[in-house]
Amino acid sequence: MEDEQSFSDICGGRLALQRRYYSPSCREFCLSCPRLSLRSLTAVTCTVWLAAYGLFTLCENSMILSAAIFITLLGLLGYLHFVKIDQETLLIIDSLGIQMTSSYASGKESTTFIEMGKVKDVVINEAIYMDPVEPHGISQVVPVFQSTKPRLDCLIEVYRSCQEILAHQKAASASP
């Protein structure tokens, strides 16, 4: 079963949450943000090239124009390959673990896997509630959706579903 719902990020931008239910013990959450805007890309490129043309008219050195084109292209490629994340995915399987995948605009993917034996719990960051949290026995906290930064309503949807799977896993491991 699959469903999609729209949410907002912390800046008011549009996010799409796709939930895929493979079984009671396996769910996937894909949080997608809008693709790179052609308008913003054009604005940045024009600004850099106009500044370079202004320097060219003052210095009359054509290397300035060549450098502006080169810097713009390298900057765009670097931004698409290392910064701009189009989609973040959280896959939770109660018998295996949690896999987090970030898909960059260039097509590059970064994946992190945490074995279920190492997962103590899924929590929402205390900064949302503004209550101090004492980390009792927590060795490492792995944040999810770092790039898309969804609002609380979206995080609660993911949190409840993850808690259901963890409860299912604990019940399955407790029964003989």
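Colleague: Which residue does arginine 19 meet in a salt bridge at 2.6 Å, N to O?

Modeller: The model is a predicted one. In it, a salt bridge at 2.6 Å, N to O, joins the side chain of arginine 19 to that of glutamate 157. Arginine 19 belongs to strand β2 and glutamate 157 to helix α4 (residues 152-174), so the pair ties together parts that are 138 residues apart in sequence. The partner is therefore a residue of helix α4, glutamate 157.

Colleague: Is arginine 19 buried or exposed?

Modeller: Buried requires a relative accessible area under 20%. Arginine 19 has a value of 6%, so by that cut-off the residue is classed as buried.

Colleague: How many residues apart in sequence are the parts tied together by aspartate 3 and arginine 19?

Modeller: The side chains of aspartate 3 and arginine 19 form a salt bridge at 3.0 Å, N to O. Aspartate 3 sits in strand β1 (residues 2-8), and arginine 19 in strand β2 (residues 14-23), so the parts they tie together are separated in sequence by 16 residues.

Colleague: What are the relative accessible areas of aspartate 3 and glutamate 157?

Modeller: Partly exposed covers values between the buried limit of 20% and the exposed limit of 50%. Both residues carry that label, aspartate 3 with 28% and glutamate 157 with 30%.

Colleague: Which residues do salt bridges with shared partners join into one network?

Modeller: Arginine 20 and glutamate 28 meet through their side chains in a salt bridge at 3.1 Å, N to O. Glutamate 28 is buried, at a relative accessible area of 13%. Through shared partners, salt bridges join into one network Glu2, Arg20 and Glu28.

Colleague: How many salt bridges are found in the whole structure?

Modeller: The pairs discussed here include arginine 19 with glutamate 157 and arginine 20 with glutamate 28. A search of the whole structure gives a total of 7.

Colleague: Which helix gives the most to the nonpolar patch?

Modeller: The patch on the surface consists of Val44, Val48, Trp49, Ile69 and Leu73, with about 440 Å² of accessible area together. At least two of its residues come from each of α1 (38-59) and α2 (63-83), and leucine 73 is located in helix α2. With 3 residues, the helix that gives the most is α1.

Terms used. Residues numbered from 1 in each chain as written. Predicted model: local features only at pLDDT ≥ 70, side-chain atom pairs only at ≥ 80, totals over all residues. Heavy atoms only, no water. Salt bridge = Lys/Arg side-chain N within 4 Å of Asp/Glu carboxyl O. Helix = DSSP H or I, 4+ residues; strand = E, 2+ residues; numbered from the N terminus. Buried < 20%, exposed > 50% of the residue type's maximum accessible area, 1.4 Å probe, protein only. Patch = residues over 30% accessible without salt bridge, like charges linked within 9 Å, V, L, I, M, F, W, Y side chains within 5 Å. Areas by Shrake-Rupley, 256 points an atom, 1.4 Å probe, with all protein chains shown as cover.
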